[in-house]
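Trainee: Please guide me through this structure, one question at a time.

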Amino acid sequence: MTLALALTLFSLGTTGAFVAGLLGVGGAIVMIPLLLYVPPLLGVGALDMKSVAGITMVQVFVAAVSGMIAHRRGRAVHARLVWIGGLSMACGSLAGALVSKHVSHRFLLVMFALMATAATGLVLVRMESLELPIFAEQIRFSRLRAGLVSLGVGLGAGLVGAGGAFLLVPLLVVVVGVPLRVTIGSSLGITALAAAAGLAGKVVTWQVPWPLALTVAAGAVPGAQIGARVSRRLPTRRLKVALFIIVAATTIGTWWDLLVR
C-alpha cells in the first residue's frame, strides 16, 4: 500500500463516517462508491468489489460505534431502542441474506431501488415528531412497532446486501414517532449491532484486507465524532434536508443503474 493510497483511504473513511455521524446513515451506500471510484480516479490504485465489501463492513461498524458514543454524550441514544432495533434488524438481515441466494440480481436491484424510493417519500412526509424533546430519556415509543420496523428494514437490507439505515431513520421518525435527533443517535447503535454479525462473518471467512480496512477505520473514528458534533448543532430542519439529499441521490443513482445502464 502506497502512501498516496493510504492517505486517500483515510480521507474516504473520514468522509463516509462524517455522513454517518451527521445523519445516522451513510455506511455502505456512501463508502462502496467512494472506495470503488475515487482511488482509480486519483490514480492511486484500484480495489476489487470483494475487498471493498470487506473494508466497508469494518468502516460501517467502526463509524457506527464512534458516532453512537458521540451522540450518547449529547443524550441522544435510547439504549432500549438500540437493543430492540439492533437485534430485530440483525435477525431480519440474516433471513434476507439466506433468501437472497434464491433470487435474481435484477430482482435485488429493483428491491433496493424501491427501498430507496420509499425512504425518499418518507423524508418528504411531514414529521410530527421532528421537534419533540431531543433527550433520549424523555422519549416513549412502541416496542412492537420499533421491532417490526427494524425487522422489516433488516430483511430488505439482507436481501440486497446493503445497509438499511437510510430507510430505518425516516421510518423511526414517521412510523415509530422518535424525534430525529434521537433517531440519528440510536440508528447508529442499531447499525453497530447489526453490522457486528456481518463483520464477524467477513472475519472468519478471511474476507477483510486488514491493512486497507484499518486505514479506512482510522479515518472513520474522528469523522464520525465530527459528524455527530455538527449534527447536534444543526437545526432539525436542516438535518431533514440533508437526509433528503442523501436518500434522493441514492434513489436516482439506483434507478439510473436499473433503467439506463
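Trainee: In which helix does Thr191 lie?
Mentor: This is a predicted model, in which local features need pLDDT of at least 70 and side-chain atom pairs count only at pLDDT 80 or more, whereas totals for chains, interfaces and linings use all residues. Residues are numbered from 1 along each chain as its sequence is written, and side-chain values use heavy atoms, with hydrogens and water left out. Helices (H or I, at least four residues) and strands (E, at least two) are DSSP runs, numbered from the N terminus. Thr191 belongs to helix α8.

Trainee: Is Thr191 buried or exposed?
Mentor: A residue is buried under 20% relative accessible area, exposed over 50%, and partly exposed in between (1.4 Å probe, protein chains only). The relative accessible area of Thr191 is 14%, so this residue counts as buried.

Trainee: Which residues does Thr191 touch, not counting residues up to four places away in sequence?
Mentor: Contact means heavy atoms within 4.5 Å. With that exclusion, Thr191 touches Val60, Ala64 and Ala165.

Trainee: Which residues have the most contacts inside the largest nonpolar core?
Mentor: A nonpolar core is a set of buried Ala, Val, Leu, Ile, Met, Phe, Trp, Tyr and Cys residues joined through side-chain atoms within 4.5 Å. The largest one has 36 residues, and those with the most contacts inside it are Phe166 and Leu167.

Trainee: Which helix gives the largest share of this core?
Mentor: Helices α1, α4, α5, α6, α7, α8 and α10 each supply at least two residues. The largest share is nine residues, and it comes from α7.

Trainee: How many of the 12 residues of α7 are buried?
Mentor: Among the buried residues of α7 are Ala165, Phe166, Pro170 and Val176. Helix α7 is largely enclosed by the rest of the structure, because the number of its residues that are buried is 10.

Trainee: How far apart in space are Gly21 and Ala63, C-alpha to C-alpha?
Mentor: Gly21 has its place in helix α1, and Ala63 is included in a second, separate core of 26 residues. Gly21 is buried because its relative accessible area is 0%. Gly21 and Ala63 are 42 residues apart in sequence, while their distance in space is 7.4 Å.

Trainee: Which residues form the nonpolar patch on the surface?
Mentor: Patches are made of residues with over 30% relative accessible area and no salt bridge; like charges are joined within 9 Å, nonpolar side chains (Val, Leu, Ile, Met, Phe, Trp, Tyr) within 5 Å. Accessible areas come from the Shrake-Rupley method with a 1.4 Å probe, and for residues only the protein chains shown count as cover. Helices α8 and α9 each supply at least two residues of this patch. With about 370 Å² of accessible area together, its members are Val203, Val204, Trp210 and Leu214.

Trainee: With which residue does Arg75 form a salt bridge?
Mentor: A salt bridge is a side-chain nitrogen of Lys or Arg within 4 Å of a carboxyl oxygen of Asp or Glu, and by this rule the count comes to one. The closest N and O atoms of the pair are 2.3 Å apart, and the partner of Arg75 is Glu137.

Trainee: How many residues apart in sequence are the parts that this pair ties together?
Mentor: Arg75 is partly exposed at 40% relative accessibility, and Glu137 is partly exposed at 45%. Arg75 lies in the loop between α3 and α4 and Glu137 in the loop between α5 and α6, so the separation in sequence of the parts tied together is 62 residues.
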